[in-house]
Amino acid sequence: MERNTINGRLTAFYALTLSEFHMNFHSHESCEIMYVANGSCAVYCCDKTYEIGANEFIFIRSRIPHRLEISSSKPCAILNLEFDLSVAEGGFPLNGLFEGSAEFRKFLEILPRCFCGNDLRDLGYSLKDLISNLQRYSDSEDYLLSLIFSRIMAELAHSVVSGRKEYGIIYLRKACQYIDRNFHSAITVPQLAEYLGISKSYLQALFSEIMGCSIIAYVTKKRMEEAVFLLENSTLRIIDIAFTVGYNSRQHFAHTFENYFGMSPLSYRQTHMRVQMPDTKQKQYKMNGGRIRAQDI
């Protein structure tokens, strides 16, 4: 969206306490926030089921099919707001928020299909305030409503942007654990993304932004660390080390190793191998009552 042209327009809202509710899949032209003030519910969206508890929310982008399910013994209190964000005239101007909030600009940039997370600050309070004022709405309150809506967008952006970082670290930790266990075998980016349940582009962005390297670079690092250990501490042939750390040819392994360390695997072994040749000098040692006794063999 262009600078200084962003506006928000409310399209629907409600605040309801329901003990049981079953909604069919549907979509609409507006974005939506469903915020659970008390109790719990389930939202089906983007091929996932989101279990949402008190002080948690889900944001759903326009035209994304979803449905709400409440089937617990405890009533669920939900605050709901539907709205448009566009460059069209009318509604509440968000120019100041766009200019002043890096989080809001980031939110508009990523604008997730759906996002479920915690209220990290005051999103719930702002929603209650807006819905309360909308119920007693008069034209004279347009400015107040505009301020409250701007705050909701600021709170939403904060929770989404910060929440994505938190979730991103969780995904990244899980990805690194998977690589650490499986780098001896072939690992592809699509395979890893499927295992985590996220997109390839998001996974690659996480490694780039947080780890400062690509996924392939991280896999290579783990393989090289293992190769160095084996070169220093084992008598395995170099071709066997290559297969052990995940390469299907000695040539590929040697080329990667030399690019990484500036020398061939053989040269590295000759320089760094730890020679461990125990020799008991033709004697056998026996343990007896905590004492060691030597005898000739």
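User: What should I know about the model before starting?
Analyst: It is predicted, and local features need pLDDT of at least 70, side-chain atom pairs count only at pLDDT 80 or more, and totals for chains, interfaces and linings use all residues. Residues are numbered from 1 along each chain as its sequence is written, and side-chain values use heavy atoms, with hydrogens and water left out.

User: How much space lies in the largest pocket?
Analyst: About 680 Å³. A pocket is an open set of points, on a 1 Å grid over the protein atoms alone, where a 1.4 Å probe fits, with protein on both sides within 12 Å along at least five of seven lines. The volume is the space filled by probe spheres set on the points, which are joined across faces, edges and corners.

User: Which residues lie nearest its centre?
Analyst: Lys-48, Tyr-50, Cys-114, Arg-164 and Tyr-171, from a lining of 20 residues. Lining residues have an atom within 4 Å of a point.

User: Which element gives the largest share of that lining?
Analyst: Strand S8 does, with five residues. Strands (E, at least two residues) and helices (H or I, at least four) are DSSP runs numbered from the N terminus.

User: And the second largest pocket, how much space is there?
Analyst: About 270 Å³. Its lining includes Lys-106, Arg-164, Tyr-202 and Glu-209. Helix H6 gives the largest share, five residues.

User: How does that lining divide by class?
Analyst: The second largest pocket has seven nonpolar, no polar and four charged lining residues. Ala, Val, Leu, Ile, Met, Phe, Trp, Tyr, Cys and Pro count as nonpolar, Asp, Glu, Lys and Arg as charged, and the others, Gly among them, as polar.
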